[in-house]
Every structure is written in structure tokens, then in C-alpha cells.
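The structure comes first, and the description follows.

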Amino acid sequence: MNPLTGTGKLVRLVLRRDRWLLPLWVVFICLVPVVFVGAFTGAYPTAEARQAYYETSVHTRAFTVAYGVLNGSSLGELVAWRSGFVTFMVGLLALLTVVRHTRTEEEAGRRELVGATAVARHANLAAALIVTCVASLVLGVASALALIGQDLPVAGSLALGLGFATAGCVFAAIGAVTAQLTTGAGGARAIGITVLGAALILRGIGDIAGQTSDGPAWVSWLTPLGWAEALRPYSGERWWVLAPAAIVVIALSALAIVLSARRDLGSGMFQARLGPAAAGPRLRSPLALAWRLHRGPLISRVVGLTLVGLVIGAMSASLGALMDNSGAAAREALARLGGPGTLVDQFLGPMMTMLGLVSACFAIQSALLLRNEERDGRAEPLLATPANRLRWAGSHFAFALLGPALGVVAFGAAAGLAHGLNTGDVARELPRLLTAALVQLPVVWVFTGIAFALFGLLPRLVAGTFAVAMVSMLFGWVGGELQLDQWVIDLSVFEHVPKLPGGDMAAAPLIIMTVAAAAFVAAGLAGFTRRDMPTT
């Protein structure tokens with residue numbers, strides 16, 4: 001049998017299952033660069049205003065880390081620069097999509113059933129790669145057409161779109177490789193996201209180094225995110241960058257196929273260790289079992305956020321003061337991007353908001369683990385014991401609630417310590433940045449509550465909480481730049497979090513969000529006690 005027999009049918013199956021999800025993220029991401037066209041056109045209508053914005057932003061290392069290198073002050077260059085985080089989003093979605101249609105299917109036992117038909121061994125992997133790569137290309141072309149429709153140059157628009165597509169295809173191939181390494185989808189996602197995070201850090205290091213005469217700018221070339229940037233949209237496009245990217249995609253895809261052929265179905269290249277034949281006394285309660293399931297991701301997240309907090313805190317001191325000759329438009333731009341306070345505070349403010357979003361995603365993943373336990377049939381045997389539904393769900397809820405809290409505290413303490421050591425005032429900076437991190441907890445708990453409400457009432461839609469969080473983040477992040485009506489900006493939950501450090505502390509919105517989160521959780525737990533299970 002041909003090793004790819006049945007690929008076409010599985011492609012149709014993947015498209016059928018993702019008929020709503022794929023178009024949603026393609027359309028959503030295509031709109032982001034168009035939004036920035038409107039933002040820069042409205043806020044900086046003249047070449048002089050854009051030049052002032054450029055002169056401020058090009059010297060701000062925080063913006064370089066977040067968005068990449070700013071090559072010029074034209075409208076296209078500014079839009080391409082501000083869209084730098086889109087490559088990260090595309091890479092993340094592509095990676096998760098491939099893992100979902102490969103390792104997740106295998107873990108749930110569906111691939112074995114499909115493999116019993118006239119479907120070859122590598123058809124499933126090939127179908128996932130084909131759909132994800134084609135979706136990335138469609139995204140790139142659609143983004144280019146949308147920008148061309150905004151009267152931006154054709155070549156630059158095409159380069160920017162192909163940069164998005166490049167990130168999607170490369171991380172789809174990385175996802176295919178990680179799916180062969182572990183026996184669980186969670187492990188494959190963790191490895192892939194770690195690679196993605198390392199790529200972002202390397203790109204930031206290389207971009208900052210490139211602004212100095214003796215820095216290791218070559219580090220940017222070690223990451224696919226750097227390749228997308230190296231295309232230089234609207235700044236003298238370098239089309240040859242697509243060639244090594246294509247070679248890497250082909251090589252990683254071939255590696256994934258080779259690894260798939262060398263392992264048994266259901267296993268991974270990294271074999272899981274067998275546990276003892278009988279559970280120890282520490283696993284006699286649902287809470288102990290939940291700790292056993294959550295402890296690995298929880299520890300890795302806390303350690304990761306601690307390291308990121310140290311880096312952010314150490315980097316913030318390098319921003320210095322705003323240039324004395326910065327124009328009013330440039331100062332206003334920084335205030336809209338970062339919020340109140342000093343330039344350092346304007347850098348740390350968005351970092352705290354990103355901390356809130358990342359922690360919310362961690363909480364949602366904890367709720368998804370609860371859903372996976374039910375869907376995969378592991379919850380029913382447990383609930384056949386004296387453990388009831390509320391004890392079982394409440395045990396997982398405890399880690400969804402407290403796990404992100406530990407990460408937030410670790411990030412805030414690490415950032416405050418590093419920044420305090422740099423400024424020589426740990427006693428001031430440590431509590432200040434720790435407070436700025438802690439105010440993110442109510443918004444994290446809101447999304448935790450939404451996830452648990454969906455789990456109890458509409459379990460099939462739990463994963464949709466990720467989309468709710470991302471859309472809310474988008475409204476809050478670009479609303480100020482777009483100068484939207486305040487009621488539109490207020491649709492973002494993140495907009496109601498106190499703008500710390502640098503802003504004023506307000507307890508009322510934090511209390512309201514905490515109460516709302518509690519109401520969501522109560523509704524979800526009440527629904528869970530009444531509905532049938534499992535709900536597939």
C-alpha cells in the first residue's frame with residue numbers, strides 16, 4: 001500500500017472538523033494588519049508625524065523585543081513592524097492544529113480505528129500538515145490582498161503575507177515532529193510551545209543586538225520568526241529568504257515521517273515510565289489525583305514565568321529616559337501603547353497585561369484537562385467510587401485557580417527583584433511590581449470561570465474560551481491606538497484592570513471581576529451536577 005493512501009479523505013475529514021475554527025483564525029489574523037493601517041493613518045496622518053513616531057520607537061528596546069526591528073517611517077514599514085507579533089500567533093495556531101489532528105487523535109484512540117480501514121500509516125500526519133500549511137498560505141495571501149486593498153505597495157504586502165505563511169508552515173512542521181516525541185498531546189504541545197517561546201526570545205536578542213555595531217545580530221537567523229522579519233516588507237524585499245524556510249519545512253516534515261515510522265502506534269520516541277502496580281496512599285482522594293495530573297505543567301509554568309520575569313525586570317532598566325527631543329506625537333504614542341507613568345512603567349504595563357493573558361490560558365488549559373478526563377472515559381470509573389462530581393471537579397478547579405496565581409506571584413517577584421537590583425532600590429520595586437502582577441489575577445479568574453461555566457453547561461465549547469480571551473485582548477491592546485469609542489474598548493476585560501505600575505489602584509473593578517468569576521464557576525459546577533456524562 002502506498003504510505004499516503006487515504007490522505008485525501010483525511011484532508012476532507014480535517015476540513016470538516018475545523019470548518020469553523022480554521023476560517024475564524026484566518027479571518028481574525030487577516031484583520032490585524034488592516035487594523036494597524038487604520039490606526040496609523042488616523043493617529044499619524046502626515047509623514048512628519050510618522051517620522052516622530054519612528055524616531056521614538058526605533059530606540060525603544062521594549063518595542064524591538066515585542067514587535068521586531070523598525071526599518072523606516074513609511075506607513076507600510078510601521079504596519080509591518082506592529083504586525084510582528086502576528087507571526088507568533090500564526091506559529092502557535094499552526095503548531096496546535098497539527099498536534100490536535102495527530103497526537104490528540106492517537107491518544108484518544110481514533111487514529112487506531114481509522115487506521116483499521118484502507119488508510120496508510122502516514123496519511124493522518126500528511127493530512128494535518130497539508131491542511132495547516134494550506135491554511136497558512138491562504139492566510140498569507142488574504143493578508144496581502146487586504147493590505148493591497150488599503151493602497152499599500154504590492155511587493156511589500158505580499159512579503160508581509162508570505163512572512164505570516166512562513167511562520168505557519170515552519171511551526172506546523174515543528175508540531176508534526178513534537179507529536180512523534182511524546183505519548184501525550186499535552187507533552188507535544190509543551191515541547192512545541194517551548195520551541196516557539198525560545199524562537200521569540202532569540203529573535204528579540206538578535207534584533208536588539210543588531211542595533212549595536214558589535215552585537216550578535218546573527219542570532220535572529222536561528223529562529224523562524226526572524227526569517228519572516230528578514231523578508232523586510234516595504235523595505236527592499238529579500239525574497240531569497242523563502243528558500244531556506246521552504247527547505248526547513250520539507251526537512252522537518254520528512255523527519256516527522258521518519259520518526260512516525262520508527263515508533264509503535266500510541267507510543268512516542270520518549271517512552272513514558274511505567275508507574276507502580278498499585279497506587280500509593282497519597283492518591284486516595286480526588287485532590288491528590290488532580291495534583292498528580294497538574295503538577296508537571298504547574299511546575300514548568302511557574303519556573304518559566306520566573307525566568308521570564310527575571311529577563312523582563314533586567315531588561316526594563318535598559319530603556320532609560322525618553323529622548324529629550326521627542327515630539328508630542330511620539331510621547332502620546334507611548335502613552336497609548338504603555339499607559340501612564342515613566343517610560344519604564346510604559347514598558348512594564350503591557351508586559352503585565354501579557355502576563356494576565358498567558359496566565360488565563362494556563363487556567364483554561366486546566367479546565368480542558370478536566371474535559372479531557374471526562375471525554376476520554378477516565379472520569380466515569382473514578383466517579384463510580386465514593387468520590388462525587390463536585391469533589392472531582394472542585395479538585396481540578398483548585399489548581400486552575402491557584403496554579404496561575406503561583407505563576408503570577410513568581411513573575412511579579414522575579415521582575416521586581418531584577419528591576420530593583422538594577423535600580424538599587426529593591427525595597428521599592430519588588431512590592432510595586434508584585435502588586436502590578438497580582439492585579440491581573442481577577443481577570444485570570446474571570447476566564448477560569450468562563451471555562452468552568454462552559455464545561456458544566458456546554459462542554460463542547462470549552463476550548464472556545466481561548467478565542468474569547470484573545471478577542472478581549474485584541475480590543476484592549478489596539479483600542480487605544482485605533483482611538484475607538486470608549487464603550488468598544490470597555491468590551492475588553494483587560495481594559496478594566498488597573499494600569500500598574502504607574503497608574504492608580506482601583507479596587508472596585510477587581511472586586512466586580514472576582515464576583516463575576518465566582519458566579520461563572522458556581523453556574524458551571526451546578527450545570528455539571530445535572531448534566532449527563534460523558535458528553536462527546
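Helix H11 (residues 185-210) has 26 residues, and 37 Å separate its first C-alpha from its last, close to the 38 Å expected at 1.5 Å a residue. The expected span is 1.5 Å times one less than the number of residues. Helices here are DSSP runs of H or I with at least four residues, numbered from the N terminus. The model is predicted: local features need pLDDT of at least 70 and side-chain atom pairs count only at pLDDT 80 or more, while totals for chains, interfaces and linings use all residues. Residues are numbered from 1 along each chain as its sequence is written, and side-chain values use heavy atoms, with hydrogens and water left out.

Among the buried residues of H11 are Ala185, Ala188, Gly192, Leu196 and Ala199; the list also includes Arg203 and Asp207. Buried means under 20% relative accessible area, exposed over 50%, and partly exposed in between (1.4 Å probe, protein chains only).

| Pair | Axis separation | Angle |
|---|---|---|
| H18 (residues 389-423) and H19 (residues 426-438) | 7 Å apart | about 150 degrees |
| H2 (residues 21-43) and H9 (residues 123-148) | within 9 Å | roughly 30 degrees |

Axes are lines fitted to C-alpha atoms, for helices over the stretch in contact, and angles run from 0 to 180 degrees between N-to-C directions. At about 150 degrees, H18 is roughly antiparallel to H19, whereas H2 and H9 are roughly parallel to each other. Angles under 35 degrees count as roughly parallel and those over 145 as roughly antiparallel.

The crossing of H18 and H19 is right-handed. The residues of this contact divide into 12 nonpolar, five polar and one charged. Ala, Val, Leu, Ile, Met, Phe, Trp, Tyr, Cys and Pro count as nonpolar, Asp, Glu, Lys and Arg as charged, and the others, Gly among them, as polar.

H2 also passes H9 in a right-handed crossing. Contributors to the contact include Trp25, Cys30 and Pro33 of H2 and Ala135, Ser143 and Leu147 of H9. By class, this contact has 15 nonpolar, two polar and no charged residues.

Ser143, in helix H9, is buried, with a relative accessible area of 1%. Neighbours within four places in sequence aside, Ser143 is in contact (heavy atoms within 4.5 Å) with Cys30, Gly161 and Phe164.

Val65 lies in helix H4 (residues 61-67) and is partly exposed, with a relative accessible area of 22%. Val65 and Ile205 are 140 residues apart in sequence, yet their C-alpha atoms are 7.4 Å apart in space.

Methods: Helices (H or I, at least four residues) and strands (E, at least two) are DSSP runs, numbered from the N terminus. Angles under 35 degrees count as roughly parallel, over 145 as roughly antiparallel, 65 to 115 as roughly perpendicular and the rest as oblique. A crossing is left-handed if the near helix is turned anticlockwise from the far one by less than a right angle, and right-handed if clockwise.
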